[in-house]
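Here is a short report on a protein model. It covers overall makeup, salt bridges, backbone and surface.

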Amino acid sequence: EATPTETKTEFLAGYGMVDITPKVYGIPMDGHGNANERLSTSVTSYIYAIAVAMTDAAGNTAVIVSVDSCDVPENVCDEVRAWATKQLNIPEENIAISAIHQHSCPDCDDPKYRAQLMRGIKDSMEAAIEDLAPAELYINRVETQALNAVRRYWLNDGGFVTSHSCTGNVSSGFKDYESEVDREMRLIKFAREEKEDIIMVNFQC
């Protein structure tokens with residue numbers, strides 16, 4: 001069992017979660033080849049934009065947003081950052097927007113969905129700002145085993161392959177993996193006396 005590394009400072013932390021599940025069906029599903037061949041017909045699980053805001057003693061604010069999608073287009077991130085700088089007074093460089101890389105979520109570039117996605121991300125950020133409360137920061141890291149693998153690798157003929165099997169056994173000849181496996185799981189906890197704690201987990205899987 002890992003021993004936590006604790007870092008404490010005077011600052012605020014807040015949390016916001018907004019439902020971004022499409023309001024209409026027929027949205028292309030991203031992540032498997034031609035998205036236009038996979039259109040949404042029902043809802044199995046709801047999806048969300050989740051934001052965590054942090055403000056230090058000097059009043060500097062940063063926000064991290066995680067979106068339930070395969071990816072978040074650069075133009076969406078740029079527009080959200082510009083809006084947050086103007087409306088929330090948060091510098092663009094203090095805003096991080098990422099996706100969980102889920103292969104059964106709407107195509108964020110689809111015109112029938114993009115506006116809802118944008119509104120959801122913005123609303124989650126505003127909710128996180130409104131939820132700001134005094135917090136203490138705790139950080140922990142732990143090494144995992146056999147939970148993830150690199151599935152991108154180089155071939156002897158100079159080719160590059162992405163394999164779902166992660167075995168490296170291909171007819172052209174396996175040469176080397178693209179990178180080493182990152183087995184570190186990172187956890188950040190914001191302990192808040194006045195409100196519920198906030199926990200963030202990052203793991204390359």
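## Overall makeup

Among contacts between residues at least 6 apart in sequence, 69% join residues at least 24 apart. A contact means heavy atoms within 4.5 Å. The protein has two helices and 13 strands. These are DSSP runs numbered from the N terminus: helices are H or I with at least four residues, strands E with at least two.

Of the 205 residues, 35% count as buried. Buried means under 20% relative accessible area, exposed over 50%, and partly exposed in between, with a 1.4 Å probe and protein chains only. The accessible surface comes to about 12300 Å², and 48% of that belongs to carbon and sulfur atoms. Areas come from the Shrake-Rupley method with a 1.4 Å probe; for residues, only the protein chains shown count as cover.

## Basis of the model

This is a predicted model: local features need pLDDT of at least 70, side-chain atom pairs count only at pLDDT 80 or more, and totals for chains, interfaces and linings use all residues. Residues are numbered from 1 along each chain as its sequence is written, and side-chain values use heavy atoms, leaving out hydrogens and water.

## Salt bridges

The whole structure holds nine salt bridges. Each is a side-chain nitrogen of Lys or Arg within 4 Å of a carboxyl oxygen of Asp or Glu. One pairs R119 with D123, with the closest N and O atoms 2.9 Å apart. These two residues are four apart in helix α2 (residues 114-130), so about one helical turn separates them. R119 is partly exposed at 39%, and D123 is partly exposed at 27%. Salt bridges link R119, D123 and E126 in a network.

D131 bridges to K195, with 3.2 Å between the closest N and O atoms. D131 sits in the loop between α2 and β8 (133-143), and K195 in the loop between β12 (184-191) and β13 (198-202), so the pair ties together parts 64 residues apart in sequence. D131 is buried at 17% relative accessible area. K195 is partly exposed at 32%.

## Positive phi

N89 is not a glycine, yet its phi is positive, about 60°. N89 lies in the loop between α1 (74-87) and β6 (95-99). It counts as exposed at 67% relative accessibility.

H101 also has a positive phi, near 65°. This residue lies in the loop between β6 and β7 (105-106). H101 is partly exposed, at 43%.

## Nonpolar patch

Y25, V43 and Y46 form a nonpolar surface patch, with about 340 Å² of accessible area together. Patch residues have over 30% relative accessible area and no salt bridge; like charges are joined within 9 Å, nonpolar side chains (Val, Leu, Ile, Met, Phe, Trp, Tyr) within 5 Å. Y46 is in the loop between β3 (29-30) and β4 (48-56). At 54% relative accessibility, Y46 counts as exposed.
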